[in-house]
Amino acid sequence: MSVFKGANCVYMGAEDIDKLFEGNERIFIVCDPFMADSGMSKYLTDPLDELKKDYVLYTKVGADPSTELVAEGVNAVAEYKPDCMVALGGGAAIDECKAMKYFSQTQGLIDEKVKLVVVPTTSGTGSEVTSFAVITDTEKAIKYPLVRDEIMPDAALLDAQYTRTVPPSITAATGMDALTHAIEAIVATNATDFSDAAAEKSIKLIRSYLKKCYLHPDDMEARQKMHDAATLAGVAFTNAGLGLVHAMAHAIGAHFHTPHGRCCAVMLPYVISFNAGLYDGVEAEACKNYARIARLIKVDASTVRQSAYMLVRTIVHFNDELGVANKIVDLGVSKEEFAAALDDMVDAASKDATLATNPREVTKEQIRDLYLRAYYGTANKTIL
């Protein structure tokens with residue numbers, strides 16, 4: 001039996017803030033230090049002051065939420081005993097907050113009815129409507145996807161005002177993360193008509209508004225549309241699953257601490273080419289779905305295979321326009337660092353939970369080949 005999941009309620013606009021906290025009196029807010037130091041957190045805390053709610057601002061958030069940070073956060077949650085937890089920020093703050101809540105509850109430190117509210121400040125992760133979180137084991141250099149129904153947010157607030165100060169480089173990277181979510185959701189083995197509907201609408205919005213956000217950061221209509229697109233992509237992949245792009249991107253990010261969206265943007269064209277059988281001539285079923293995506297962004301050709309080629313070319317061109325890397329070397333990873341980490345990355349990617357719904361089975365040797373192709377953007381395997 002298939003089940004379609006999403007956040008219990010998605011609010012749109014600042015006027016809905018009071019509705020988020022009806023019945024809650026002790027609110028634990030998780031955000032990164034920049035949100036607090038820059039005053040951005042006041043968008044949330046000022047209304048809470050007006051509502052006379054008790055709250056605490058917790059800012060021990062890292063770029064890659066680690067097991068150590070989560071453990072420290074669990075102690076803080078246990079001490080405060082909130083009846084509502086709020087993630088205010090990008091993917092790192094949201095994932096850390098989700099993990100803190102989950103482990104606090106499983107250890108019996110807080111009530112199971114504690115509400116989880118997510119207020120995203122970037123347009124990319126879609127984590128405000130997913131049962132996913134990614135936690136890093138820094139000692140082993142491995143990212144672990146935490147997939148639990150218990151970390152599905154109870155409510156999300158989508159307000160583009162929170163993204164106003166996001167710089168173009170992050171707008172581009174998070175936008176490509178959202179696009180990757182939508183594309184992987186369409187070709188994932190658990191895709192349904194419902195997840196497809198969300199993914200297709202997300203792709204259309206990204207096609208129309210990501211470049212506008214990048215070039216015109218003050219275009220609030222474009223920012224809100226990208227906010228909506230990221231959330232729709234999140235709805236799509238939490239139901240359909242992800243795939244090889246995320247498995248490989250997680251490994252790159254864990255080893256080199258590169259922003260997740262940039263890792264996804266780099267790997268996306270290579271994985272599409274593999275899944276569609278463009279490298280080896282395999283008649284891959286996924287090729288038809290990639291051709292359908294090409295039609296959505298209006299770059300389809302006369303045949304299914306050629307449409308998949310055009311999708312790959314378009315994504316490469318899009319990365320160039322957005323100033324996002326198309327090769328691993330352009331992520332600042334030296335040849336020596338890459339060679340030293342390659343075997344571990346292949347092993348980690350092959351075990352990543354997101355690989356379960358990839359549309360084509362993949363061996364470790366094929367993953368290795370894709371990493372090598374993506375390093376210099378060439379099929380030459382002697383680069384190391």
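Q: How much space lies in the second largest pocket?
A: In this predicted model, the second largest pocket holds about 240 Å³ of space. Arg 207, Ile 297, Thr 314, Phe 318 and Glu 321 are the closest to its centre among the 14 residues of the lining.

Q: Which element gives the most to the lining of the second largest pocket?
A: Helix 12 does, with six residues. Helix 6, helix 7 (193-215) and helix 12 (304-321) are the elements that give two or more residues.

Q: What makes Arg 207 and Glu 321 lining residues of the second largest pocket?
A: A lining residue has an atom within 4 Å of a point of the pocket. Arg 207 and Glu 321 belong to the lining, so each has such an atom.

Q: How many residues in the lining of the largest pocket are nonpolar, polar and charged?
A: The lining has 20 nonpolar, 20 polar and five charged residues. Gly counts as polar and Ala as nonpolar; among the residues closest to the centre are Gly 90, Gly 91, Ala 63 and Ala 92. The volume of this pocket is about 1000 Å³.

Q: Why are strand 1 and strand 3 called edge strands?
A: The open sheet has six strands in the order 1-8-5-4-2-3, with parallel pairing. Strand 1 (9-12) and strand 3 (54-58) each pair on one side only, so they are the edge strands.

Q: How do you know that strand 5 and strand 8 pair?
A: Pairing needs at least two bridges. Two bridges join strand 5 (residues 115-120) to strand 8 (residues 155-158), so the two strands pair. Val 117 stands opposite Ala 155 in strand 8.

Methods. Residues numbered from 1 in each chain as written. Predicted model: local features only at pLDDT ≥ 70, side-chain atom pairs only at ≥ 80, totals over all residues. Heavy atoms only, no water. Helix = DSSP H or I, 4+ residues; strand = E, 2+ residues; numbered from the N terminus. 1 Å grid on protein atoms, 1.4 Å probe; cavity = no way out; pocket = protein on both sides within 12 Å on 5 of 7 lines; lining within 4 Å. Points joined across faces, edges and corners; volume = space filled by probe spheres on them.
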